[in-house]
Amino acid sequence: MSDSAAPEIVPDSEHRGLVARLPQLPRDLAQLARFDRPIGWWLLFWPCVWGVWLTGAGWQWALLGWLLLGSIAMRGAGCVYNDIVDAKLDRKVARTASRPVASGRVSKKLAWGWLLALCLVGLVVLLQLRPLAQIVALASLALVAAYPFMKRITWWPQAWLGMVFTWGLLVGWTQLRADNWDALAAMYAGAALWVIGYDTIYAMQDREDDALVGIRSSALRLGGHIKGGVTLFYTGAVALWALAFWLYRADWIALIALLPAAGHLFWQVSTLDGEDPGNPLERFRSNRWTGAFVAAACFVVGNA
């Protein structure tokens, strides 16, 4: 795309914050890694916090700092990889057509180099973990590599994303302990349902373009039943989190800690409006608060 082109400004092409002040090439690389859209790494980071705080090992600020750095770097790497794989599809979707690789502003060769640099940051973080957590972290790479192709072969790529984006929960937990696997499994399954719910909301933005170019998503599969579907996913998430807490500590009072998260998810669904262009994106981004509420609940249950 030439510099003289005047593409429509959409949520994925608008530069914000410090990124908007960078020279063109650094700005493109920052946009490629979505550094101007921190919601992605927040959603990747919060499950890491859940895994750490639910272990009962206290605040663990140093560990959380490393996991935050890893979340930012690896979320960026995942976005770069996704844009390399999806460049042709992105050119056909209004929201993604102006992305650096799809528009041609960044070559695929440079994008691969940027991906490697981000992965090296992830490697530094990996080396801070104990061997069991390192093995768990590395096991996610196959899931990450396969994710961009899921939208081509299944109507539920959000389910695959649910496994990928919550993997930090397993890493945080195994860094500090290696027991209570039943509670961990329930927490992970609930987290995956949460991701399916919020990414279905996110996919509402692209339904028309996705249908035209043949991209599959849960938002298209659910059709006119998106609200009901997201309600089901969120209800399942809260139920599984409650089960995880019960398996970890059989105390009804501990379940009260989930009420703020449950209330926030209910607000999302009850106010979701697909006819308002900005509504789904706003509800999606609000999940940073869901993550914070569940993190607080995990700290209370794990450490109180």
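Let's start with residues 184-204: their end C-alpha atoms lie 31 Å apart, and the span is 95% helix and 0% strand. Helices here are DSSP runs of H or I with at least four residues, strands are E runs of at least two, and both are numbered from the N terminus. For residues 252-269, the end C-alpha atoms are 26 Å apart, with 83% helix and 0% strand. Both spans are among those that an unreviewed UniProt entry annotates as "transmembrane region", a list that also includes 39-57 and 106-126. UniProt positions follow the numbering used here, feature names are shortened, and annotations may be inferred rather than shown by experiment.

A word on what we're looking at. This is a predicted model, where local features need pLDDT of at least 70, side-chain atom pairs count only at pLDDT 80 or more, and totals for chains, interfaces and linings use all residues. Residues are numbered from 1 along each chain as its sequence is written, and side-chain values use heavy atoms, leaving out hydrogens and water.

As for pLDDT, the predictor's confidence in each residue from 0 to 100, the chain averages 90, and 92% of the residues score at least 70. Over residues 1-10 it stays under 50, and the model has nine contacts for them beyond four places in sequence; a contact means heavy atoms within 4.5 Å.

Now, the charges. How many salt bridges does a search of the whole structure find? Nine, counting a side-chain nitrogen of Lys or Arg within 4 Å of a carboxyl oxygen of Asp or Glu. One of them joins aspartate 83 and arginine 34, at 2.9 Å from N to O. That pair links distant parts of the chain, 49 residues apart: aspartate 83 is in helix α3, and arginine 34 is in the loop between α1 (24-32) and α2 (39-54). Aspartate 83 counts as buried because its relative accessible area is 1%; the cut-offs are under 20% for buried, over 50% for exposed, and partly exposed in between, with a 1.4 Å probe and protein chains only. Arginine 34 is buried too, at 8%. These two also belong to a salt-bridge network with Asp90 and Arg99.

Finally, the surface. Trp66, Leu69, Val121 and Val124 make a nonpolar patch of about 290 Å². Such patches take residues with over 30% relative accessible area and no salt bridge, joining nonpolar side chains (Val, Leu, Ile, Met, Phe, Trp, Tyr) within 5 Å and like charges within 9 Å. Areas come from the Shrake-Rupley method with a 1.4 Å probe, and for residues only the protein chains shown count as cover. Helices α3 (61-85) and α6 (108-126) each supply at least two of the patch residues. Tryptophan 66, in α3, is partly exposed at 33% relative accessibility.
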